[in-house]
Amino acid sequence: MLQLHDIGRLPSAQDNCAIAIQSLNAGTAVNIEGNQATISHTILEGHRFAIQPIPAGSPLLSWGMPFGRALHHIAPGEYVCNENVLDELRGRAPDFDLPSRPNFADDLAEYQFDADRFQPAPRLPTTRDPRTFMGIRRPGKRGVGTRNTIVLLGVNALVAGFVRQLEKEVKALTNRCANIDDIVAVVHTEGSQAGSNNQPYLLRSLAGYMVHPNVGAVLVIDAGHVGVTNDMLRELAGREGYAVDDVLHHFMSLRGPFAADLTQGKEIIKNWLPQVNAMGRTPQPLSELKIALQCGGSDAFSGISGNPLAAWVSKEVIQAGGSAVLAETDELIGAESYVLQKVSDEATAERFLEMVARFQKRVAWHGYSAKGNPSGGNKYRGLYNIYLKSLGAAAKRHPDVRLDYVIEYGERMGSPGYYFMDSPGNDLESIAGQVAAGCNLIFFVTGNGSITNFPFVPTIKIVTTSQRYALLSEEMDVNAGKYLDGIPLAEVGRSTIDLTLDIASGQPSAGEKASHAQVQIWRNWQQSDYVDIEKIKELSRPASPDGKPLVIQPPAEPIHSAFSAWQTETHIASDRVGLILPSSLCSGQVASMAVKHLNELAIGREKQISRFVALVHTEGCGSPTLPEFVDPLLGYLRHPSVATCLILEHGCEMTHNDFWRGRLRKAGLNPERYGWASVQLDGGIERVIAKMEAWFAADCAQMASPQAITADLSRMRLGIMSEGITDDGTASALAYLIQQVVVAGGTIILPANDPLAMSNAFAKVLQVDLPMRSTLAFAHQPHQPGYHIMANGTSQWAETMTGLGATGIGLILAVISSRSQQGHPFIPVLQVAAETAVPQPFHADIDVVVSGSARQRVNQIITLVSRVLSRKVKTKLTQKGNITFQISRGPLGISF
């Protein structure tokens with residue numbers, strides 16, 4: 001008979017449920033406090049079972065706190081489960097011996113703050129700690145840096161492609177600069193349109209990055225007068241006292257052409273190198289550390305090993321005069337009583353509760369509950385509901401440490417102490433705010449083995465179990481599982497502090513060695529009050545467009561054109577690419593690393609695969625799984641240009657591989673056609689890239705070679721987007737082009753809210769009524785050729801382009817009326833402009849500047865379209881690397 005301590009752990013002696021530290025088979029006999037019990041069902045590691053009789057209606061306890069109420073009497077040894085975890089296991093482990101119904105529910109009373117009984121907690125006594133690290137002392141009140149980085153800071157999403165390309169061109173400049181750690185791009189999805197709900201958070205974050213102590217110099221880049229601008233950032237920084245004059249910086253607006261802007265950016269960086277390289281390290285006290293406390297890919301052990309370890313180290317730092325910041329508002333719902341056990345004053349407690357209530361209200365405006373936060377990976381690893389997740393997350397506050405301050409997202413820290421910062425539970429968005437608040441180190445606790453990193457602040461990854469550490473040892477920094485294995489927490493803590501000081505002194509973290517990082521600032525939310533959710537859905541997602549193309553007037557005189565294409569048994573396509581599709585935001589950077597490796601190996605070239613691409617995005621975890629996310633990715637999985645495709649999961653997200661297998665089956669697609677890999681379950685970055693290489697090599701070896709054919713207009717599938725139409729001649733020319741392609745049997749797709757779709761001159765040539773009705777849902781592929789209108793709930797260029805590309809088109813015609821836009825990762829975006837529409841400096845970035853009659857303009861466009869589809873010429877956006885990819889969240893998307 002097994003003993004309880006051999007198979008389970010109790011976070012608190014008051015608990016009536018234990019956490020399984022190994023998988024247990026049904027029928028296992030266990031001695032619990034001298035009494036024999038039998039495990040009722042298969043129990044996965046990290047899941048819970050009763051150790052005491054729990055009467056119906058009584059609370060189930062972990063950390064001594066309730067996480068559910070028994071629906072009926074629960075006997076010792078019985079697997080405790082709610083409906084959430086059963087649903088998750090039915091999808092991911094259908095062969096398991098599962099209970100037929102849940103035995104507890106999540107219906108717990110809301111926390112009530114008792115102001116009459118509140119007592120402020122004393123501050124921890126400060127100690128003189130002799131330990132130091134080698135840091136970079138910044139001028140003024142900027143503090144001490146743990147890194148010396150030059151940051152290329154994109155103010156809005158419109159400059160993302162430029163900033164990434166600039167990073168590629170200047171990255172190697174630091175090779176001879178011993179004191180510069182890196183040159184990094186900080187790009188994000190926000191700020192394309194001024195006045196969004198999250199604009200204060202965005203500007204505060206950007207200002208925080210500018211003056212961050214890890215920044216030696218910062219080049220701030222905007223798109224001129226469009227969207228959130230440098231002027232807006234300057235104004236906020238001045239108004240709120242950000243000492244930007246204490247940091248080497250330059251505000252740059254893209255004026256065009258692209259190459260000239262790159263040259264300007266490179267010259268600025270080159271001129272800074274001697275000054276930034278002169279910024280050396282000196283001994284600095286422990287009090288200069290400001291630690292971001294974060295968890296992601298949490299499991300049942302996060303709250304009993306990883307988070308308590310992070311809390312232990314943070315206590316040492318705070319006692320020495322440093323700071324630590326707790327965040328992820330929705331992941332503290334249900335743990336309010338623990339968070340507020342020790343607080344500096346009543347106002348701080350009330351402000352914390354106000355932020356929790358505000359977060360819940362904001363999520364409710366969009367039709368969701370913040371209590372739905374736990375991801376599929378959380379549930380699979382034993383965090384059944386928000387209460388368990390929150391109780392574990394709150395363990396990042398040491399019981400001896402009081403909550404000193406509560407701040408807004410990205411708000412700068414002031415006095416030392418323990419902070420709470422409002423943020424979503426989305427790891428990347430939360431970290432972005434903590435860094436903006438001034439954190440110069442990140443403690444990232446993970447159960448599943450999350451590998452995410454921030455570009456200019458080192459992340460120390462703390463994994464919760466020795467088994468997961470062994471699987472992912474190259475990606476993790478600290479094994480908190482040693483504590484579960486019997487090593488005292490203080491001993492593990494002391495070694496963690498030593499590592500922390502080494503990394504703060506410049507030793508690369510595991511994530512820095514792997515050379516990958518990403519940024520996501522708290523994404524915008526559309527609603528600002530309670531709305532009719534069903535009406536919003538109806539307006540943003542028109543019910544079942546019939547798929548029948550619009551009938552248009554045929555051209556008076558057809559023209560003929562041809563292009564070179566590839567024909568397989570199922571498709572005719574102008575290009576063939578290998579695609580790695582990240583299942584969520586956290587596997588995106590690894591997908592990019594794999595693509596670079598595969599392209600260097602030239603896998604599939606004998607089967608005419610031109611290159612491998614990754615569609616890196618920001619969704620799949622920490623936000624709802626909306627159609628605006630799922631439908632585009634399904635579209636790319638069946639795109640005619642995709643010759644071979646693998647789906648890469650991080651391992652702990654909502655939209656894991658099993659999620660996508662189910663969606664593929666529902667869409668009538670065979671999951672066996674695709675490759676599948678997992679960053680976490682396949683053992684980390686190096687191993688998963690090797691697995692992907694092997695799969696693609698095998699898939700390409702067995703596929704038939706395509707046949708080269710000459711295709712006519714009937715095989716063309718074009719998308720059209722316009723930034724704005726400045727003259728009727730261009731509108732008429734595009735209408736003539738549509739007539740030519742459609743009458744020949746080809747396909748044209750136009751977004752419903754495109755300026756062209758509202759042009760009288762355009763509609764007059766086609767002989768269609770305004771407004772043009774949608775024939776396709778957003779990102780859906782047509783079943784009939786012809787002229788289609790795609791429903792579109794976003795006005796953002798990159799989001800529209802992402803949806804349009806998913807419809808299966810081979811090329812996008814982009815009509816430009818002011819300045820060059822951004823392109824797509826694998827669908828060529830051919831920019832067209834009237835001669836007088838675009839300022840002269842941008843002409844060098846436009847593929848075809850049209851003039852003359854409408855017929856002449858059509859001939860100019862169709863000639864170049866054919867050459868691009870035939871792969872004889874690349875579009876200028878592709879040549880220059882000015883590309884982007886961005887998923888829309890629609891009107892009901894929100895982070896949590």
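1. Let's start at N25, which is exposed, with a relative accessible area of 56% (exposed means over 50% relative accessible area, buried under 20%, and partly exposed in between, using a 1.4 Å probe and protein chains only). N25 sits in the loop between β3 (17-20) and β4 (29-32). Strands here are DSSP runs of E with at least two residues, helices are runs of H or I with at least four, and both are numbered from the N terminus. Leaving out residues up to four places away in sequence, N25 touches I39 and H41, where contact means heavy atoms within 4.5 Å. From the C-alpha of N25 to that of G604, 579 residues apart along the chain, the separation is 45 Å.

2. A word on what you're looking at. This is a predicted model, in which local features need pLDDT of at least 70 and side-chain atom pairs count only at pLDDT 80 or more, while totals for chains, interfaces and linings use all residues. Residues are numbered from 1 along each chain as its sequence is written, and side-chain values use heavy atoms, with hydrogens and water left out.

3. Next, helix α18 (residues 588-601). Its 14 residues reach 20 Å from first C-alpha to last, close to the 20 Å expected at 1.5 Å a residue (the expected span is 1.5 Å times one less than the number of residues). Which residues of α18 are buried? They are G588, V590, A591, A594, V595 and L598. These cover an arc of only 150 degrees around the axis, which puts them on the same side of α18; the arc is that of the directions from the helix axis to the C-beta atoms. K596 and E600 are exposed on the other side of α18.

4. What do the buried residues of α18 pack against? Their partners are β26 (577-582), β27 (611-614), β28 (642-649) and α21 (685-702). Just after α18 comes A602, with a positive phi of about 60 degrees.

5. On the α19 side the contact is made by F629, V630, L633, L634 and L637, and on the α20 side by F659, W660, R663 and L664. By class, that contact has 8 nonpolar, no polar and 1 charged residues.

6. Helix α22 (residues 728-743) has 16 residues and a reach of 22 Å, close to the expected 22 Å. Of those 16 residues, 12 are buried, so α22 is largely enclosed by the rest of the structure. Among the buried ones are T730, L734, L737, I738 and V742. G745 follows α22, and its phi is positive, near 105 degrees.

7. Most residues other than glycine have a negative phi, and most peptide bonds are trans. The bond from G256 to P257 is cis, with omega near -5 degrees, and P257 is in the loop between β15 (248-253) and α6 (258-277). The bond from L770 to P771 is cis too, omega near -5 degrees. Phi is positive, near 65 degrees, at E328, which is buried at 1% relative accessible area. R871 has a positive phi near 65 degrees and counts as partly exposed at 34%.

Notes
Nonpolar A, V, L, I, M, F, W, Y, C, P; charged D, E, K, R; others polar.
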